[in-house]
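I am opening a notebook on a structure that is new to me, and I want to go through it one part after another. The entries below record what I looked up and what I found.

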Amino acid sequence: MLSTPAKSLLTVGEVLKRPLFAHARVAAGSRGLSRPIRWVHVLEAPENASFLKGGELVLSTGVGFSRETGKHLPYLEEVIRRRAAGLCIELGRYIPRTPPDMAELADHHGFPLIAFHQPVHFVDITMDLHEHLINLHNKALRQLENYSRDLQKLSLQTQSLPRTPGLLPISPRKHLLYQPIVAMDNVLAYLCLVTYEEKGDEYLYLTLDYTAGAIAQILLRAMFVRERALSNESRLMEDILQGRADGGARRLQDILGPPLPGEASPYWAAILQLNRGGGRGPAAAGEGDSPFHDFLAIFRAALRHRRLRSLMYSRGNRLYLLLGAAPAEGEMAGPGIGKEGRVQEREGKGKEKGK
């Protein structure tokens with residue numbers, strides 16, 4: 001069973017249950033009690049609202065926006081605009097009671113307006129909530145580490161993975177309904193659906209089964225196309241290394257594409273060799289035993305990121321590479337290259353013949 005990450009959010013409604021909020025009451029905006037709190041901030045003057053980044057529970061005595069100054073509504077409007085989680089006001093010398101117009105504005109926006117009916121120490125509140133938020137964050141990180149470790153264990157147990165559909169509990173209320181995607185007697189992947197039911201109905205299982213079958217066909221077609229392309233690349237590289245690459249230039253263009261206009265060199269060749277002691281030559285091991293074999297996909301992705309088309313072949317402790325510059329996205333690399341380049345070229349020739 002996979003461990004699920006812990007909850008890392010603290011809401012305004014949950015804060016009201018803490019001991020330091022025993023004498024606090026929701027004066028308005030009760031619709032927003034589910035707002036998450038990222039931090040706690042003391043803010044007295046509306047001019048300093050720019051310090052808010054969103055998600056803060058704001059604490060204030062009202063010294064900077066008493067009703068007599070007429071700043072109470074602009075203050076609340078700015079706090080709401082800054083996407084704070086809620087506002088806590090200590091009723092007393094500066095604000096004896098919750099202003100009705102502030103309550104009306106808070107209700108309109110679903111913004112929690114909380115009133116302390118007894119004096120409180122803001123430093124105690126900030127220390128309590130900050131410590132609680134940090135603990136929640138650390139607990140979530142530990143749970144994520146456990147979750148990642150469980151996934152790694154599952155990935156190393158491919159032979160023991162179930163080959164039939166089933167239901168896996170992932171929490172007291174949630175279950176994972178899974179359907180293996182099988183092709184050529186191998187489990188390629190799993191199609192999963194999160195459900196709150198302890199048993200999946202027959203229609204749901206059939207839907208997953210049909211969907212898994214369609215995905216298996218798509219994966220098989222993609223695998224066949226990729227394997228055929230890799231086989232053609234390997235044969236070409238072997239022919240080049242053995243000096244028997246008849247029509248090699250044309251075959252190379254079929255794989256890497258024609259050279260880009262203006263390039264000083266159309267293609268580049270490189271050999272990467274790994275010295276493993278003893279000075280063994282390139283043919284000391286078969287291709288499957290090559291130290292580069294498991295990293296070819298990573299190399300291809302890195303080269304694509306650098307806008308290079310690649311043709312590579314590993315043999316022994318050597319990796320042979322042929323590279324060609326790839327066009328920028330949407331850019332034509334010459335006749336026949338681009339989204340519609342080849343079609344346009346053929347159509348153009350047809351029109352000329354018609355003339």
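**Entry 1: a helix across strands**

I began with helix α3, residues 100-109, and found that it lies across β2, β6 and β7 (113-116), running at about 80 degrees to β2. I note here that I am reading a predicted model, and I keep that in mind for every value I write down.

**Entry 2: the five-stranded sheet**

I then looked up the sheet to which these strands belong, and I found an open sheet of five strands in the order β2-β7-β6-β5-β4, with mixed pairing. Which strands stand at the edges? They are β2 (24-28) and β4 (39-42), and each has a single partner strand, so one side of each is left without a neighbour in the sheet. From one strand to the next, the twist averages 25 degrees.

Within this sheet I checked the pairing of strand β5 (residues 56-60) with strand β6 (residues 86-90), and found that the two run parallel and are joined by four bridges. At the residue level, I noted that Ser60 stands opposite Ile89 in β6.

My next stop was Thr61, which is found in the loop between β5 and α2 (72-81). Is Thr61 buried or exposed? Its relative accessible area is 18%, and because the cut-off for buried is under 20%, Thr61 counts as buried.

I followed its side chain in two directions: it makes a polar contact with the side chain of Glu44 at 3.0 Å, and it reaches the backbone nitrogen of Val63 at 3.4 Å. Leaving aside neighbours within four places in sequence, I listed the residues in contact with Thr61 as Glu44, Glu90, Tyr94, Ile95 and Phe122.

Tyr94, which is on that list, lies in the loop between β6 and α3. I found Tyr94 to be partly exposed, with a relative accessible area of 31%.

**Entry 3: aromatic pairs**

I found both Phe65 and Tyr75 to be buried.

For Tyr178 and Tyr190, the ring centres are 5.9 Å apart and the planes stand at 75 degrees, so I recorded the pair as edge-to-face. This pair links distant parts of the chain, with Tyr178 in strand β9 (residues 175-183) and Tyr190 in strand β10 (residues 186-195), 12 residues apart. In accessibility, Tyr178 counts as buried at 16%, whereas Tyr190 counts as partly exposed at 26%.

**Entry 4: helix α5**

I moved on to helix α5 (residues 202-241), which has 40 residues and reaches 57 Å from its first C-alpha to its last, close to the 58 Å expected at 1.5 Å a residue. I asked which of its residues are buried, and the list I wrote down is Leu208, Ala212, Ala216, Leu220, Glu233, Leu236, Met237 and Asp239. As a reminder to myself, an α-helix has 3.6 residues a turn, so residues three or four places apart point the same way. After α5 comes Gly243, whose phi is positive, near 75 degrees.

**Entry 5: the three-stranded sheet**

Last, I looked up an open sheet of three strands, which has the order β11-β13-β12 and antiparallel pairing. Here β11 (267-273) and β12 (308-315) stand at the edges with a single partner strand each, so one side of each is left without a neighbour in the sheet. Neighbouring strands of this sheet are turned by 20 degrees against each other on average, direction ignored.

I found that β12 pairs with strand β13 (residues 318-325) in the antiparallel sense over eight bridges, and that Leu308 stands opposite Ala325 in β13. Helix α5 packs on this sheet, where it touches β12 and β13, and its direction makes about 70 degrees with that of β12. Helix α7 (residues 296-305) also packs on the sheet and touches β12 and β13, but its direction makes about 160 degrees with that of β12.

How values were computed: Residues numbered from 1 in each chain as written. Heavy atoms only, no water. Expected span 1.5 Å × (residues − 1). Buried < 20%, exposed > 50% of the residue type's maximum accessible area, 1.4 Å probe, protein only. Pairing = 2+ DSSP bridges. Axes fitted to C-alpha atoms, helices over the stretch in contact; angles between N-to-C directions. Contact = heavy atoms within 4.5 Å. Polar contact = N/O pair within 3.5 Å; in protein donor to acceptor, adjacent residues only side chain to side chain. Phe/Tyr/Trp six-rings, centres within 6.5 Å; stacked < 30°, edge-to-face > 60°.
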